[in-house]
Amino acid sequence: MTSRVDKGAGALGYEQARDELIDVVRRLEAGGTTLEESLALWERGEELAKVCRRWLDGARARLDAALAEEADSADGAEEGE
């Protein structure tokens, strides 16, 4: 079974996934849903959390690469002095 997140993971931005995840959590915390609805919400929440984690991991990798590049540039400048 393919989920909406899997189909649209490229189109679903971090903020969209985060906001929907917040809504899912609120709905679960509010209660009043059937067991089946609660399970579907929980599954959707897990999918959205994975999307958010992928975005955050990607952002961390980009930051690490930029910092490494900056450190390499600084090391090169010091060697040239």
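A residue counts as buried when its relative accessible area is under 20%, as exposed when that area is over 50%, and as partly exposed in between. In this predicted model, Arg44 has a relative accessibility of 11% and therefore counts as buried. Of the 81 residues of the chain, 15% fall into the buried class.

**Overall build**
- The chain contains three helices and zero strands, and its elements, read from the N terminus on, follow the order α-α-α.
- Helix α3 covers residues 35-80, while helix α2 covers residues 14-30.

**Nonpolar core**
- The largest nonpolar core is made of seven residues, namely Leu12, Ala17, Val24, Leu41, Leu48, Val51 and Cys52.
- Helices α2 and α3 each supply at least two residues of this core, and the largest share, four residues, comes from α3.

**Salt bridges around Arg44**
- Five salt bridges are counted in the model, and one of the pairs is Glu47 with Arg44, whose side chains meet at 3.6 Å, N to O.
- Glu47 and Arg44 are three residues apart in helix α3, so about one helical turn separates them.
- Whereas Arg44 is buried at 11% relative accessibility, Glu47 reaches 23% and therefore counts as partly exposed.
- Glu20 joins Arg44 and Glu47 in a network of salt bridges.

**Other salt bridges**
- Arg60 forms a salt bridge with Asp64, and the closest N and O atoms of this pair are 3.4 Å apart.
- Both Arg60 and Asp64 lie in helix α3, where they are four residues apart, about one turn of the helix.
- Arg60 is partly exposed, because its relative accessible area is 48%, and Asp64 is partly exposed as well, with a relative accessible area of 39%.
- The side chains of Asp19 and Arg18 meet in a salt bridge at 3.0 Å, N to O, and Arg18 counts as partly exposed because its relative accessible area is 32%.

**Asp19 and its setting**
- Asp19 has its place in helix α2, and with a relative accessibility of 42% this residue counts as partly exposed.
- Although Asp19 and Leu48 are 29 residues apart in sequence, their C-alpha atoms are 9.4 Å apart in space.
- Leu48 is one of the residues of the largest nonpolar core.

**Charged surface patch**
- Glu69, Glu70, Asp72 and Asp75 form a negative surface patch.
- Asp75, which lies in helix α3, has a relative accessibility of 41% and so counts as partly exposed.

Key. Residues numbered from 1 in each chain as written. Predicted model: local features only at pLDDT ≥ 70, side-chain atom pairs only at ≥ 80, totals over all residues. Heavy atoms only, no water. Patch = residues over 30% accessible without salt bridge, like charges linked within 9 Å, V, L, I, M, F, W, Y side chains within 5 Å. Areas by Shrake-Rupley, 256 points an atom, 1.4 Å probe, with all protein chains shown as cover. Salt bridge = Lys/Arg side-chain N within 4 Å of Asp/Glu carboxyl O. Lys, Arg positive; Asp, Glu negative; His and termini not counted. Charge placed at Lys NZ, Arg CZ, Asp CG, Glu CD. Buried < 20%, exposed > 50% of the residue type's maximum accessible area, 1.4 Å probe, protein only. Core = buried A, V, L, I, M, F, W, Y, C linked by side-chain atoms within 4.5 Å.
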